Amino acid sequence: MFAFLVTIVGISIFVGRYPKPVFTPIRLLWEDPLAQSLILDIRLPRILAAVLLGASLGLSGYVFQMAFSNPIADGGILGVNQAAGFGAALAIVMNGYLSMQVQISALFFGILSILLVFILSRIIKTENTIINQILAGIAVSAVFSSGIGILKYLADPLQELPNIVFWLLGDLSSITWERLIPLIPQIVIGIIIIWAYRWRINALSLDENVAFSLGAGKKFEKYFILFVAVLLTASVTSYAGLVGWIGLIIPNLVRTIFGTTGQKAIPAIMMIGAAYTVSCDTLARTLIAGEIPLGIFTALIGAMMLVILVGSGKIKIHE
Amino acid sequence: MIQNIDIKKLHFRYRINESFVLNDISLEIQNDTIIAILGNNGSGKTTLLLTLLKRLIPTSGTIDFVNIDKKNENEIRIGYLPQIEKIPFGFTVEEYVLLGRFQQVNMFHIPSKNDLKITQEILKELEIEWMQYKKISDLSGGELQKVRIARIMAQEPDIFLLDEPANHLDLQNRRELLSIIQKKMKKNKKIVIFTTHDPNDALAIAKQVLLMNKGIVIQFGETKTIMQKDLLQKTFEIPIQIQKIEGKTVILTEN
């Protein structure tokens, strides 16, 4: 699986529209300093950003699904993506593109949204806890989407607005080493924590009273791992914008192929999530002369895969 | 090892102004026993189990676990089998039973070889090792119940709390499950407490019986002395007959 990811990354480095359309011959790289700097300063950070984006969204989707014992929970459905997006957009409108502030604001609203989902899903009392969570998520994401709408209305139409709009569609075209590097430590630490948690996370999905009797009902543990998932979502959202569907589709796809337990699923989600996102982003930057926002690709492919997975009975929503 | 459980003047209600679900319960439970809690639906059986689990905090009164090894109360392991359990995602039997070892696995760790060995031994003991790679969602009702029993046994608890373990099982599976509880679960002076609304389950395996009606204890004691017509009628609020058929006591309802 790791080899698969390396292959995809390897191919992506040489695919692009400069210096020659589609594929960069290696010979040209030695002769053309512009091509060298293109690969090192533009393509490489962008590919690394896509790798981290895919792994982070996939893992946080898996954590949400386990912690809520709900196979269709993910940052998009629970409203965490929209909230982190709102936080980031707010910081952009108020202060411009300062990485630290965008970051903290995205994390703050991400945590706020998950707390709101917790509270709302207790207030909404249908028989089905999954429905309660989804309804709470719809409400939370609607609130933050309309918040984003207000920010767009308030934004400076010449400078900020185009930035926000493109960024909301999910896009990695403006990635530079300067923007990516400060985020790498927290993303890597978050991924390592979830990986270390790969067995114990299973118990969070069990019946509440059973989890309690096993000592897994401690609120602290659940909140801690959810915090790490929100941190990952907020970190990548603050540089990539709203890239949806990865957290929903990749964990479900991996579950049907490799099994449910975190020991098997978590490494697979990291690799496949990363490979999937790099592939989508490579298409996004090469398919036409301009740039297609990444979020459009992941949403199109994601929606199709969701229909296939649910239709073939691979995603089962028990209650 | 648990020496005994002391329950003193236990009261519980879910909300203020509601009537008590558990009303003034005082019991002393010695170890090395199987206790059947008998009562109608809504008599407080499940609520009593959940207060013993410390999942519900008593409105008043106390529950004390007296133990020989002077273990901290938090170290006492209590296994709980809910009546209905939602097991999400496609866990396999082995993966699910292994989760019973949660308390024995340290934070940020994965199960050790020993945890795997214990899981395997329990699957063998219950004769379900052939289904270890099957998905939980593909099991029949009887198979699922045995797998859930295996999970609680993998936990190696001091106290087993089983909520209606034999409910919804066919006659053969019911007999088999009761014999598993009697022969395989109650080892090393453990305490097994299970709820049921069938007095014949209690007759089959329980050493002691606790009769409950509307949150009040009707009687608690040795099974033979408790299984009397008047006490059972008070518990179930219907006419009851106790008959001997070929030397076996059978409890029937009158039509």
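**Briefing: a chain contact, a sheet and a helix pair**

Between the two chains, the contact draws on 23 residues of chain B and 22 residues of chain A, where two residues are in contact if their C-beta atoms, placed from the backbone, lie within 7 Å. This is a predicted model, in which local features need pLDDT of at least 70 and side-chain atom pairs count only at pLDDT 80 or more, while totals for chains, interfaces and linings use all residues. Residues are numbered from 1 along each chain as its sequence is written, with chains lettered from A and ligands numbered from 1 in the order in which they are written.

**The side of chain B that touches chain A**

- Strand E5 (residues 78-81) of chain B gives the largest share of this side, namely three residues; helices (H or I, at least four residues) and strands (E, at least two) are DSSP runs, numbered from the N terminus.
- By residue class, this side of chain B holds 14 nonpolar, five polar and four charged residues, with Ala, Val, Leu, Ile, Met, Phe, Trp, Tyr, Cys and Pro counted as nonpolar, Asp, Glu, Lys and Arg as charged, and the others, Gly among them, as polar.

**Confidence**

- The predictor assigns the complex an ipTM of 0.92 and a pTM of 0.90.
- Chain B has a mean pLDDT of 90, with 99% of its residues at 70 or more; pLDDT is the predictor's confidence in each residue, from 0 to 100.
- Among the elements of chain B, the mean pLDDT is lowest in strand E11 (residues 248-253), at 85, and highest in helix H2 (residues 93-98), at 95.

**A sheet in chain B**

- Three strands of chain B form an open sheet in the order E2-E1-E4, with antiparallel pairing, two strands being paired if DSSP finds at least two bridges between them.
- Strand E2 (22-30) and strand E4 (60-67) of chain B are the edge strands, each pairing on one side only.
- Strand E1 (residues 2-12) of chain B and E4(B) are joined in the antiparallel sense over seven bridges, and Ile5(B) stands opposite Phe65(B) in E4(B).

**A helix pair in chain A**

- Helix H10 (residues 184-196) and helix H13 (residues 219-240) of chain A pack at an angle of about 150 degrees, with their axes 9 Å apart; axes are lines fitted to C-alpha atoms, for helices over the stretch in contact, and angles run from 0 to 180 degrees between N-to-C directions.
- H10(A) and H13(A) are therefore roughly antiparallel to each other, a term for angles over 145 degrees, whereas those under 35 count as roughly parallel, 65 to 115 as roughly perpendicular and the rest as oblique.
- Gln186(A), Ile187(A), Gly190(A), Ile193(A) and Ile194(A) in H10(A) meet Val228(A), Leu231(A), Leu232(A), Ser235(A) and Val236(A) in H13(A).
- The residues of this contact between H10(A) and H13(A) comprise seven nonpolar, three polar and no charged.
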